[in-house]
Protein chains: 2
Amino acid sequence: MYSKVDRFDVFTIVVNILLSTLGGILVNRLIPMLSKSFIKANLFGYDLNKRNKEEKKIPEAQGVLSGGVFLIAMFLMIAIVFSEHLHPGSDFPHNKFLEYLAALLSICCMILLGFADDVLDLRWSVKVCLPMIASLPLLLVYFVNYGSTTIILPKPVRPIIGAQWNLGILYYIYMGMVAVFCTNAINIFAGVNGIEIGQSIIIAASILVFNFIELQGSCSEEHLFSLYFMITFIGVSIPILIKNWYPSQIFVGDTLCYFAGMTFAVVGIIGHFSKTMMLFFLPQIFNFILSIPQLFKFIPCPRHRLPRLDPSANVLRPSRVDFRKNELKPLGLFMLKFFSIIKMIQYEETINQDTKEIMISSTNFTIINTALCWCGPLHEEKLTKLLMGVQVCSCFVF
Amino acid sequence: MYSKVDRFDVFTIVVNILLSTLGGILVNRLIPMLSKSFIKANLFGYDLNKRNKEEKKIPEAQGVLSGGVFLIAMFLMIAIVFSEHLHPGSDFPHNKFLEYLAALLSICCMILLGFADDVLDLRWSVKVCLPMIASLPLLLVYFVNYGSTTIILPKPVRPIIGAQWNLGILYYIYMGMVAVFCTNAINIFAGVNGIEIGQSIIIAASILVFNFIELQGSCSEEHLFSLYFMITFIGVSIPILIKNWYPSQIFVGDTLCYFAGMTFAVVGIIGHFSKTMMLFFLPQIFNFILSIPQLFKFIPCPRHRLPRLDPSANVLRPSRVDFRKNELKPLGLFMLKFFSIIKMIQYEETINQDTKEIMISSTNFTIINTALCWCGPLHEEKLTKLLMGVQVCSCFVF
């Protein structure tokens, strides 16, 4: 079946699966071993959507464990993948090796940044700029190994604007933006137990299936490269998913979001399927577009936008943000109305009896809240399952 | 003068110095900006050797700032160093690029490990194993680019055991050990204000001078490589030295020790001067040998071995460890007597009037305490200056 894949590749995939399983077992053991250290280091949170939320300290930033084990497993994998070229006289594939190192360097930087963010609470500007700098070595490797910045345009538009465009430097800026987008998109699609890690594993599994299908194609090497990263990622993430599933015993922290996002970005960039990969990110793209009014302060943005618990029924309802109507600029008002018309949010106007000002109470602009607007109040676990279902559907349509 | 160094190399060195200066300025601004975040994140300590030590919370783990800025500066440097090969048709030096990426990957891993250690207080076994794994990509690059594991033996022994030995796999184990040694040696030669960062900068400056001298030689490319790392390292470290100098406003944390140690290890390995580099580590080697009895528990080891303050005179005296003589195994007793005879430690025996057991009170086994045994009680700043003087002398003799 896999004409381009030789026996050695099958061997490395088997070793990779074994190593990832071992990695998963290691993460699974590390979580309980280190949870006290995390809590002692002030790295814990309370689960806001539980009835007796103040009772239990839940260790945060556990993504650093899966990230660390991922790096160790990938270091060992490098040695195995390149072992067939290590005998004297072999023509060593420097290009491939460069890609591995640059990919791991970018991922390692993002794990460091994510962990620093969990510990120190960094600013937004840092979170946006640093992924771009972290992807610099990767872009340089792309330039050296491929250098092609030409994109093939879809057939319908070819008669009008040509069959292909050479984007030049713009293509590198685009790739840098992919890194920034992937790392932050997962981070803002969060708030209920298991959702960050759940979506990451579904995206990884989709990429994995896509890679397997493409192994027969002309870019089999790139897809093999991506395969190793995805198998290892899934291996070290499954224990995190289990413990982060409702009711959460751990929180994944920004570390996991950045780690997962950068891992997807590097395989997309090096594997030349960053545009296809965006299709796996549809819920995230959708959530990002929906979040724009609040992220860019056209509409007031509270500290937390996660749904809030209705303790009597133990279900989640959309969280709301309240503000005076005259706080909004015309663009903000337009966005409020637009997203309300397309049913993404619900808002009500009331008049404050004291000040006679018009007050607006709107649901927050995230698809988690939209899902609750559409389906009515839901139990937290059901909500996560629903959102994961949406992610699975949107991934496998493509 | 520099026959092998062309104008482009001079240009990159100038750019490097500028970038490092900017990096230093950035670190200098980040320290006060983020100190509250560090203290809020429980990353602070009290300076045990100050009179009113409980009064002031001093932010810890500041090495992560210099490490982070170091990575950013080096990413930008890569783009500049390789810019002359980026035009079409140029023969891109994949080997060199591999070295940069592997070096930065190892360093980034160690910054992550160091920061995790500062936050989570990891175990000794982790600290010893992980540097070895982090150096794996580097060793693979060494294998691919050079592969030579032959060492030239010194002249006097050649008639007996031959002029050169091919160490094979042993040479890789040796290089892995260099990484483990460098990262931990700086970490255990610590305890008074400014000493970790002071020794690191002196070692870096020594390597820098050595590189400059060797630029004329046959390995000029390797020394140029090392030069970029050392210039950047010194640039981002100077603000840390200034603020960590007596009386400390910040602590550097394990992050800095690991970051510095791994930076030295990678330039030593890639630059083929790991054996020469060991000469710059003489005080650390000495301190390590002296610490063996306590590190390996032949003699009881207290949590802290730093000298203790005599508040009345505001001077430091050697710290002591007290234990029963019959706790020691014969080897421990031998080590105690041996190091006492060569005047590295001082100990006294007393008899406990109640239990009639022989009690031993010994100074701790570090060269900081040895220095205090030899020179008598010293003010903390004077002690640091003295130890830095020793480091400078031992580096510049070679």
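Here are the stops, with a word on the ground rules before them.

This is a predicted model, where local features need pLDDT of at least 70 and side-chain atom pairs count only at pLDDT 80 or more, while totals for chains, interfaces and linings use all residues. Residues are numbered from 1 along each chain as its sequence is written, chains are lettered from A and ligands numbered from 1 in the order in which they are written, and side-chain values use heavy atoms, with hydrogens and water left out.

**Stop one.** Select residues 94-120 of chain A, helix 3, and residues 136-145 of chain A, helix 5. (Helices are DSSP runs of H or I, at least four residues, numbered from the N terminus.) Their axes, lines fitted to C-alpha atoms over the stretch in contact, with angles from 0 to 180 degrees between N-to-C directions, come within 8 Å and cross at roughly 165°. Helix 3 of chain A and helix 5 of chain A are therefore roughly antiparallel (over 145 degrees). For the contact (heavy atoms within 4.5 Å), show residues including Leu98(A) and Ala102(A) from helix 3 of chain A, and Leu138(A) and Val141(A) from helix 5 of chain A.

**Stop two.** Now pick helix 8 (residues 195-214) and helix 15 (residues 380-396) of chain A, whose axes sit 10 Å apart at an angle of about 20°. That makes helix 8 of chain A roughly parallel (under 35 degrees) to helix 15 of chain A. Among the residues that meet are Ile202(A) and Ile203(A) in helix 8 of chain A, and Leu387(A) and Phe396(A) in helix 15 of chain A.

How values were computed:
Helix = DSSP H or I, 4+ residues; strand = E, 2+ residues; numbered from the N terminus. Parallel < 35°, antiparallel > 145°, perpendicular 65-115°, else oblique.
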